[in-house]
Amino acid sequence: MKTAILARHAESVFSVRAMMNGDPAVAGPLTEDGVEQARRLGEALRKEPIDLCVVTEFERTKKTAEIALEGRDVPRLVVPELNDINVGKFEGGPLETYLEWARTASPLDVPEGGESRAAAAARVARGGRVLLERHEDHLLVIAHGLPVRYLLLAVAGEGPRPVLEQVDYATPYEVTRQELVEAVEDLGHWAADPAWTGDD
């Protein structure tokens, strides 16, 4: 790859209800606003070369890609490593309940039945390596708020935080190959010895 455009999926029924969904087996369609957001993403990318669209196992990423790329013959690739975080016992519950836990939990703490933020970061770094190994020049990557934010923070030279700033729905962020190479390396290093930004 030479460039990758990273985007969070459009608004889903889970997003609008502020509910947690880290299980791709659970259906989660886009809202009407989400469908319109995906259309606008497609308009924004109309003149951009896209050789491959990477999505995750979740319905909301696949549907965003389908709408955004309507009328374009762009192959799809599912990369599970870029899935949303598995929140375990918080699945289907309020976002705020998970955030209350996340604010004080360490990067290595694991919610019952889920995965730690350090494990998620390591997984996202592996997903980034999958992108870098692709022979296509220009990728569109439609994933989730956490993996997109982790990668964007790493591009900016920063590490993950206990609670992340939200990524706007269906908004493109372009990164170069070299930026992604460095981001994936930094994120992998952080995951191997994690500490929140600002921790001693």
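I took buried to mean under 20% relative accessible area. I kept that cut-off in mind throughout, and I was working on a predicted model.

**Entry 1: Ala-170**

I looked up Ala-170 with that cut-off. Its relative accessibility is 9%, so I logged Ala-170 as buried. I located Ala-170 in the loop between helix H6 (145–155) and strand S5 (173–176). Its phi is positive, about 50°, although the residue is not a glycine.

**Entry 2: Ala-18**

I then turned to Ala-18, another non-glycine with a positive phi, here about 55°. Ala-18 lies in the loop between H1 and H2. Is Ala-18 buried or partly exposed? I read 37% relative accessibility, so Ala-18 goes down as partly exposed.

**Entry 3: Leu-30**

I stayed in the loop between H1 and H2, where Leu-30 is also found. At 12% relative accessibility, Leu-30 counts as buried. I asked which residues Leu-30 is in contact with, leaving aside its neighbours within four places in sequence. I listed Ala-10, Glu-11, Ser-12, Val-35, Arg-60, Lys-63, Thr-64 and Ile-67. I also checked Leu-30 against Arg-17, which is 13 residues away along the chain; their C-alpha atoms are separated by 12 Å.

**Entry 4: helix H3**

Arg-60, Thr-64 and Ile-67, among the contacts of Leu-30, took me to helix H3, residues 59–68. I found Arg-60, Thr-61, Thr-64, Ala-65, Ile-67 and Ala-68 buried there. Looking down the axis of H3, I saw these buried residues fall within an arc of 165°, so they line one face of the helix. I noted the background for this: an α-helix has 3.6 residues a turn, so residues three or four places apart point the same way.

**Entry 5: strand S2**

I traced the pairing of S2 with S4 and found the strands parallel, joined by three bridges. In S4, Leu-139 stands opposite Leu-52. S2 also pairs with S3, again in the parallel sense and over three bridges. I noted Leu-77 in S3 as the bridge partner of Val-54.

**Entry 6: the whole chain**

I closed with the protein chain as a whole. I counted seven helices and five strands. Along the sequence I read the pattern β-α-α-β-α-β-α-α-β-α-β-α. The radius of gyration is 16 Å, close to the 16 Å that the globule rule gives for 200 residues, so the chain is as compact as a globular protein of that length. Along its principal axes, I have the C-alpha trace spanning about 45 × 35 × 25 Å.

I put down 50% of the 200 residues as buried. For contacts with a separation of 6 or more, I noted that 75% come from residues 24 or more positions apart. The accessible surface comes to about 9,500 Å², and carbon and sulfur atoms hold 47% of that surface.

Conventions:
Residues numbered from 1 in each chain as written. Predicted model: local features only at pLDDT ≥ 70, side-chain atom pairs only at ≥ 80, totals over all residues. Heavy atoms only, no water. Buried < 20%, exposed > 50% of the residue type's maximum accessible area, 1.4 Å probe, protein only. Helix = DSSP H or I, 4+ residues; strand = E, 2+ residues; numbered from the N terminus. Arc of directions from axis to C-beta. Pairing = 2+ DSSP bridges. Rg over C-alpha atoms; globule rule 2.2 N^0.38 Å. Contact = heavy atoms within 4.5 Å. Areas by Shrake-Rupley, 256 points an atom, 1.4 Å probe, with all protein chains shown as cover.
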